[in-house]
Amino acid sequence: MHSLQSVSILTTETSEQCVERALAASSPDAEGVLVVADAQHDVDQEGGRGTPGTECVAECSAKVTGRAVYLGAADFMGDREAGVPLDLVEHELGHALDWPHSGMSIGSLESGSYDSSYDLMS
């Protein structure tokens, strides 16, 4: 069963605190949370991130593992792309599955750009 929860944070709080609040509000049987911000965080906050959380042995709820995906509001604003950037959603869900970045050369790491527009994790 999937449930929709709403969490609120102060303008002085970070995206990490937003995710922590969402994990705390998640149901005991939720294996992960997807957080979509509906307001802009400060410009120094990342647009998205995903984490598989800690290894699961017996208790695998998101509250225990910390498995979460965060998508920032700026990445869903109309001036970024013609539509919702599903590539960002897919990329961050990949991180929640424990997929690393792929295909990033040293030069692209320094510039913060990815090598391939065809590789979901690149």
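These exercises work through the fold of one protein chain.

The model is predicted: local features need pLDDT of at least 70, side-chain atom pairs count only at pLDDT 80 or more, and totals for chains, interfaces and linings use all residues. Residues are numbered from 1 along each chain as its sequence is written, and side-chain values use heavy atoms, without hydrogens and water.

**Exercise 1.** List the elements of the protein chain in order.

Solution. Start with the definition: helices (H or I, at least four residues) and strands (E, at least two) are DSSP runs, numbered from the N terminus. The protein chain has four helices and three strands. From the N terminus on, they run α-β-β-α-β-α-α.

**Exercise 2.** Work out the strand order of the sheet, and explain which strands stand at the edges.

Solution. Two strands pair if DSSP finds at least two bridges between them. The sheet is open, with mixed pairing, and its order is β1-β3-β2. β1 (33-36) and β2 each have a single partner strand, so one side of each lacks a neighbour in the sheet. Those two are the edges. Now look at one pair: β1 and β3 are parallel, over four bridges. Within this pairing, L34 has V69 in β3 as its bridge partner.

**Exercise 3.** Find the buried residues of helix α3 and what covers them.

Solution. Buried means under 20% relative accessible area (1.4 Å probe, protein chains only). In α3 (residues 86-96), L88, V89, H91, E92, G94, H95 and A96 are buried. Their cover includes β2 (48-51) and β3 (68-71). Just after α3, D98 has a positive phi of about 75 degrees. For the whole protein chain, 31% of the 122 residues count as buried.

Conventions. Buried < 20%, exposed > 50% of the residue type's maximum accessible area, 1.4 Å probe, protein only. Contact = heavy atoms within 4.5 Å.
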